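Please read these points with the model open beside you. They are numbered so that each can be checked on its own.

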Amino acid sequence: MVSHLVNTIRKVVGISGNVISLFLFLSPVPTFVRIWKKGSVEQYSPVPYLATLINCMVWVIYGLPMVHPNSTLVITINGAGTAIELVYLTLFLIFCHDKKKRLKGLLIALVEVVFMALVTALVLTLAHTTERRSMVVGIIAILFNIMMYASPLSVMKLVISTKSVEYMPFFLSLASFANGVAWTTYAFLPFDPFIAVPNGLGTLFSLAQLLLYATYYESTKRIIAARKETKMEVNLSEVVVNGNHDPKKTTRAT
């Protein structure tokens, strides 16, 4: 009776985790709409998307029936996440005008795919029980899941140095926090250390990002307003200069 209730709660929490995770994966959409409109990735970094890609791929492997049985909800959301991140990275590479940065991103993505293919082949070949396979892939999953949540640390450093959250998308941080809470809860029904540890840490990382956003939100508005004012003054100066330059008054020396 109790076991059935726990499994039911686990399934409900898992489905909720899938929904929240989907919002997490879709949260960068406004960022990529901005990139699309401007035709440039500006100062945005591909690191969060590369980290999320390999994280999703390793969790797909973890959820396979021959690795960790009864983990369908882990496969569904991370399979979707893998596809979504590939779309983001494709758009990033298209609108990245820095050739070195583009090549570096492409090479990292290829290395990630090759690495996961090797891990899958080795685990299925050398580990002969689901317990061993779960342990090996679970440890790798912990490492990459922490990388995914910690990847915005470089952006957090930029936020602190510039006192601006312009390049740290709020919805991405918020979705990461909600995602961490949901999957940490899921990991305790019953206890799964490979899901609990990284998501518990991820919750703390995401909370730190939200605190930074709250701290520098007002200063960001002032910085953006000052930038717009400066741009307007420059444009006005150009209009005045062009207005004073009358071609008809220009004479050619004889």
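1. Helix α3 covers residues 47-62, and at 1.5 Å a residue its 16 residues should span 22 Å; the end C-alpha atoms are 23 Å apart, which agrees. The expected span is 1.5 Å times one less than the number of residues in the helix. Helices here are DSSP runs of H or I with at least four residues, strands are runs of E with at least two, and both are numbered from the N terminus. Of the 16 residues of α3, 14 are buried, so the helix is largely enclosed by the rest of the structure. Buried means under 20% relative accessible area, exposed means over 50%, and partly exposed lies in between (1.4 Å probe, protein chains only).

2. A word on the source: this is a predicted model, in which local features need pLDDT of at least 70 and side-chain atom pairs count only at pLDDT 80 or more, while totals for chains, interfaces and linings use all residues. Residues are numbered from 1 along each chain as its sequence is written, and side-chain values use heavy atoms, with hydrogens and water left out.

3. The chain has nine helices and zero strands. Of its 254 residues, 40% count as buried. Among contacts (heavy atoms within 4.5 Å) between residues at least 6 apart in sequence, 80% join residues at least 24 apart. The accessible surface of the chain is about 14800 Å², and carbon and sulfur atoms account for 72% of that; such areas come from the Shrake-Rupley method with a 1.4 Å probe, and for residues only the protein chains shown count as cover.

4. P69 sits in the loop between α3 and α4 (72-95). With 38% relative accessibility, P69 counts as partly exposed. Neighbours within four places in sequence aside, P69 is in contact with L64 and T130. P69 and E131 are 62 residues apart in sequence, yet their C-alpha atoms are 9.7 Å apart in space.

5. How many disulfides does the count give? A disulfide is a covalent bond between the sulfur atoms of two cysteines. The rule asks for a pair of cysteine sulfur atoms within 2.5 Å, and by this rule the count is zero. C56 is buried, at 0% relative accessible area, and C96 is buried as well, at 1%.

6. The whole structure holds three salt bridges (a side-chain nitrogen of Lys or Arg within 4 Å of a carboxyl oxygen of Asp or Glu). E42 pairs with R34 at 3.2 Å, N to O, and K38 also meets E42 at 3.2 Å, N to O. E42 is partly exposed at 27%, and R34 is partly exposed at 24%. K221 and E218 form a salt bridge at 3.6 Å, N to O. These two are three residues apart in helix α9 (residues 193-244), so about one helical turn separates them. K221 is partly exposed at 43% relative accessibility. Shared partners join the salt bridges of R34, K38 and E42 into one network.

7. L22, L26, V29 and V33 form a nonpolar patch on the surface, with about 270 Å² of accessible area together. Patches consist of residues with over 30% relative accessible area and no salt bridge; like charges are joined within 9 Å, and nonpolar side chains (Val, Leu, Ile, Met, Phe, Trp, Tyr) within 5 Å. Helices α1 (2-26) and α2 (29-38) each supply at least two residues of this patch.
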